[in-house]
Amino acid sequence: MKGLLKFITCGSVDDGKSTLIGHILYDAKLLYADQEKALALDSKVGSRGGKIDYSLLLDGLMAEREQGITIDVAYRYFTTQKRSFIVADTPGHEEYTRNMAVGASFADLAVILVDASQGVLVQTRRHARICSLMGIRYFVFAVNKMDLVGYSLSRFREIEKQIETLSKELSLANVKIIPLSATEGDNVTVTSKNMDRYKGEPLLTYLENVDIDEDETEDGFYMPVQRVCRPDHTFRGFQGQIESGSIYAGDEITALPSGEKAHINTIYVTDRKVSEAHRGQPVTITLDREVDVSRGCVLTKDTDIPVCGRLRVSLLWMDDEPLVTGKEYLVKLGTKTITGILTKIHHAVDVNTGEKMAVQTLSKNGLAVCEISLAEGITADTFKNHKTLGEFILIDRVTNMTSACGVVLETKRQAQQTNKASFVNGDIKARGDIFEEFFYDTSSLSVLKYRSVHETYTIGDTIPLTGESYSYPENFDILVLRDNTAVTVRSGKIAQIISFDEYTYTGVPVVNGRGFEILVFSQEDVKRFFAEYDPEDPEFFRRHMKFDTYRKVAFSGSDK
Amino acid sequence: MSELSHLDELEAEAIYIIREVAAECERPVMLYSIGKDSSVMLHLAMKAFYPEKPPFPFLHIDTTWKFRDMIKFRDETAKKLGIEMLVYTNEEGVRRGINPFDHGAAYTDIMKTQALRQALTKYGFTAAFGGGRRDEEKSRAKERIFSFRNSAQAWDPKNQRPEMWKLYNTKINKGESIRVFPISNWTEKDIWQYIRRENIEIVPLYFAAVRPVVERDGTLIMVDDDRFPLKEGEKPEYKSVRFRTLGCYPLTGAMESTAATLDEIIEETLSAVSSERTSRVIDNEAAGSMERRKREGYF
């Protein structure tokens with residue numbers, strides 16, 4: 001059983017979440033004496049007159065105290081004899097749904113409050129839906145304020161039925177229902193004397209004993225690479241956290257997306273050299289041979305994780321600006337960040353009722369099932385199969401806001417490979433983006449890119465001069481700025497793959513790494529071009545390059 | 001396979017965060033205050049990148065009023081571990097003679113808050129690790145692990161970026177910077193238990209010893225050097241004391257204790273009757289004072 005349980009509490013504005021957590025801390029005498037003093041003081045200005053208001057323990061921001069509501073997640077810490085706990089107390093109001101989702105993404109278990117006098121409300125349904133979307137698999141429904149319904153068992157049974165219906169609807173696993181009173185302390189930390197016909201344990205006892213790992217089912221080993229550790233030329237280690245499974249020195253692993261295989265030489269768990277490592281541990285792994293692995297790649301063993309070009313996702317929109325289909329966002333998934341386009345909203349989902357709706361756009365706190373097209377293949381899987389590779393955020397490229405978060409429902413495979421160099425001559429390598437296809441996507445009304453050629457070419461090889469959206473001359477030079485490499489093509493064959501230092505202009509047409517014509521007509525021009533190189537400055541492109549000399553935009557559907 | 005312990009899990013979370021920053025942020029720095037939380041942070045950074053050294057410098061904001069033992073410890077630690085330790089002092093404040101005895105809140109603002117802002121600007125750091133923990137104070141309990149500051153280094157608590165799973169968004173606009181709190185989820189108890197488990201060296205002031213102190217407004221202040229202005233008739237008493245937090249010596253309350261080993265400290269901490277920030281004089285002001293300071297750019 002896990003020594004640390006992270007859980008969230010959610011409920012609507014007056015359900016008494018903060019009071020419940022305040023009471024657990026208070027009852028268990030887990031408060032430091034001076035915090036108690038501060039609390040008694042705070043209560044004088046609090047909402048319950050002179051009586052201690054437990055919720056003041058949690059609402060920490062000045063605006064929250066003034067308005068008497070929770071705006072953002074508050075984290076609290078306590079330990080009992082059995083376990084350590086981190087509680088994320090989350091806001092219940094619909095306006096702050098995204099803050100609730102923050103707490104839910106952090107937690108293993110959700111405690112959802114239901115007011116006994118009101119039963120399951122739209123808020124309850126919203127909270128359960130968000131928790132379930134964020135991957136919580138354990139639920140406690142705390143039927144609160146039992147004191148206000150005279151501790152009526154039949155009322156409790158009624159609500160129990162409502163909750164069971166909701167659980168079925170959302171396919172919630174592991175549901176526990178407990179009647180309690182947070183203000184009076186019934187079934188919070190001790191069994192209530194007012195509800196002796198309820199035979200279950202109090203909330204805290206349940207939290208102390210629940211085993212949240214029992215249905216852990218991810219296949220094999222996988223570790224998204226956070227960084228490459230290179231203290232000197234002799235050591236090249238891949239650092240990351242093991243997301244599932246175990247590895248042993250000598251194991252054969254597969255690096256994705258390249259698909260290259262290698263054996264594990266050494267494993268370090270932090271600064272300790274070990275012979276095996278397991279889920280959750282931060283490791284550094286060295287391999288027995290050189291493979292093409294950098295940040296964003298994933299090391300795997302015994303898994304079938306795909307490399308995908310498109311994803312069907314379920315997402316929560318979190319930005320004040322509404323979702324725009326066809327707009328390019330940064331997609332962060334695992335340790336990889338690449339550009340992607342939200343090509344289509346299949347349907348929105350009413351966060352309260354679950355009803356599907358056809359929409360053109362989505363505003364803040366809206367849920368929807370969407371399609372994302374990625375600029376290049378990404379190692380991803382469904383949230384169900386490999387959780388960490390099925391979670392993502394979208395980042396607005398201009399404001400840098402985290403615009404949405406979501407989970408992968410379905411992956412659409414791409415042929416293996418993407419990062420392999422296309423031009424190789426010993427140590428000198430360059431990317432082959434000149435073979436990218438630019439096409440107009442008829443479903444999203446946007447221009448997208450797609451790369452279908454996965455070959456590696458070296459000196460003497462014939463290259464495909466013509467594609468759907470490009471056509472290069474027989475003789476031309478390619479200056480791949482990102483790799484500092486020049487490739488010269490003569491009669492459709494590769495003549496040279498050399499570093500920039502060795503390159504001289506000979507009068508044939510010149511293109512950049514993406515196949516745009518570079519407007520140079522002398523060695524002097526080439527020099528100036530190199531000197532002014534700034535990949536992020538559109539003015540540099542305008543001054544020196546022309547898109548449509550050898551390229552055009554082709555028509556294509558989104559199945560491309 | 002055995003489950004990770006609760007400390008293992010906290011350690012893994014912190015290391016993940018530290019590595020993410022090193023991989024994604026342009027110019028990170030780790031703030032180093034010489035206290036026990038900083039010692040834990042430094043230890044985590046050493047472990048996160050092993051066998052490489054942390055790929056960023058450490059920064060100490062020296063108010064010139066730190067305990068002498070702290071400065072000695074800082075210099076020895078930096079030398080022993082071979083890390084880059086930057087020390088920054090607000091020289092303008094020194095010239096103006098700003099000190100904790102005469103200038104109260106202005107001292108903290110000028111020698112700490114402003115000094116930090118100046119240092120971050122001077123070196124162009126875009127991300128700064130801090131050792132803040134959410135169990136320390138109410139507004140901190142609400143702060144994200146990646147906390148954004150506008151170009152005036154101020155925090156906007158009502159509009160924090162959502163932070164989902166482990167997918168930290170480290171993108172910033174020009175002029176903005178990030179504070180990163182890898183040990184947000186640790187409690188004081190976790191810190192002490194981790195120090196014991198990992199044998200982390202900490203400043204000797206945390207252990208009880210007989211030291212010269214005077215009592216001011218119910219707080220024991222150590223007379224660490226001859227700049228301490230003794231009032232008429234005031235004489236330092238020798239008492240067995242230790243410190244739960246370390247800062248500027250005139251502003252740091254000592255507690256009477258005989259706990260001279262880690263086990264004794266942990267024992268005393270777990271049965272403590274007051275949480276650690278009571279010994280920091282600056283926190284005992286009006287409710288919400290920390291939040292106000294953070295909005296103004298306090299770390």
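This is a predicted model: local features need pLDDT of at least 70, side-chain atom pairs count only at pLDDT 80 or more; totals for chains, interfaces and linings use all residues.
A:Asn174 is found in the loop between H6 and E6 of chain A, and its phi is positive, at about 50 degrees, although the residue is not a glycine. The loop between helix H6 (153–170) and strand E6 (175–179) of chain A also holds A:Ser171, for which phi is near 50 degrees, again a positive value in a residue other than glycine. A:Ser171 counts as exposed, because 7 C-beta neighbours lie inside 10 Å.

A further residue of chain A, A:Thr205, lies in helix H7 (residues 203–209) and is partly exposed, with 17 other C-beta atoms within 10 Å. The C-alpha atom of A:Thr205 is separated by 6.9 Å from that of A:Thr189, a residue 16 positions away along the chain.

Helix H2 (residues 36–49) of chain B packs with helix H6 (residues 188–198) of chain B at an angle of about 50 degrees, and the axes of the two helices are 10 Å apart. H2(B) is therefore oblique to H6(B), and the crossing of the two helices is left-handed. On the side of H2(B), the contact involves B:Lys36, B:Asp37, B:Val40 and B:His43, which meet B:Ile191, B:Tyr194, B:Ile195 and B:Glu198 in H6(B).

In soluble globular proteins, nonpolar side chains tend to be buried together. In the present model, the largest nonpolar core has 192 residues, and those with the most contacts inside it are A:Ala104, A:Ala110, A:Ile112 and A:Ala142. Helix H1 (residues 6–24) of chain B gives the most to this core, with 8 residues. Apart from this core lies another, of 22 residues, among them A:Phe423, A:Tyr470, A:Tyr472 and A:Ala486. The surroundings of A:Ala142 can be described in more detail: when residues up to four places away in sequence are not counted, A:Ala142 touches A:Leu20, A:Val111, A:Ile112, A:Leu113, A:Val114, A:Ile178, A:Leu180 and A:Leu203.

The totals for each chain complete the description. The secondary structure of chain A comes to 9 helices and 34 strands, and 45% of its 560 residues count as buried. Among the contacts in chain A with a separation of 6 or more, 70% are between residues 24 or more positions apart. Chain B has 8 helices and 10 strands, and buried residues make up 49% of its 299 residues. In chain B, residues 24 or more positions apart account for 78% of the contacts with a separation of 6 or more.

Conventions:
Residues are numbered from 1 along each chain as its sequence is written. Chains are lettered from A and ligands numbered from 1 in the order in which they are written. A nonpolar core is a set of buried Ala, Val, Leu, Ile, Met, Phe, Trp, Tyr and Cys residues joined through C-beta atoms within 7 Å. A residue is buried if 20 or more other C-beta atoms lie within 10 Å of its own, exposed if 12 or fewer, and partly exposed in between; C-beta atoms are placed from the backbone. Helices (H or I, at least four residues) and strands (E, at least two) are DSSP runs, numbered from the N terminus. Two residues are in contact if their C-beta atoms, placed from the backbone, lie within 7 Å. Axes are lines fitted to C-alpha atoms, for helices over the stretch in contact, and angles run from 0 to 180 degrees between N-to-C directions. Angles under 35 degrees count as roughly parallel, over 145 as roughly antiparallel, 65 to 115 as roughly perpendicular and the rest as oblique. A crossing is left-handed if the near helix is turned anticlockwise from the far one by less than a right angle, and right-handed if clockwise.
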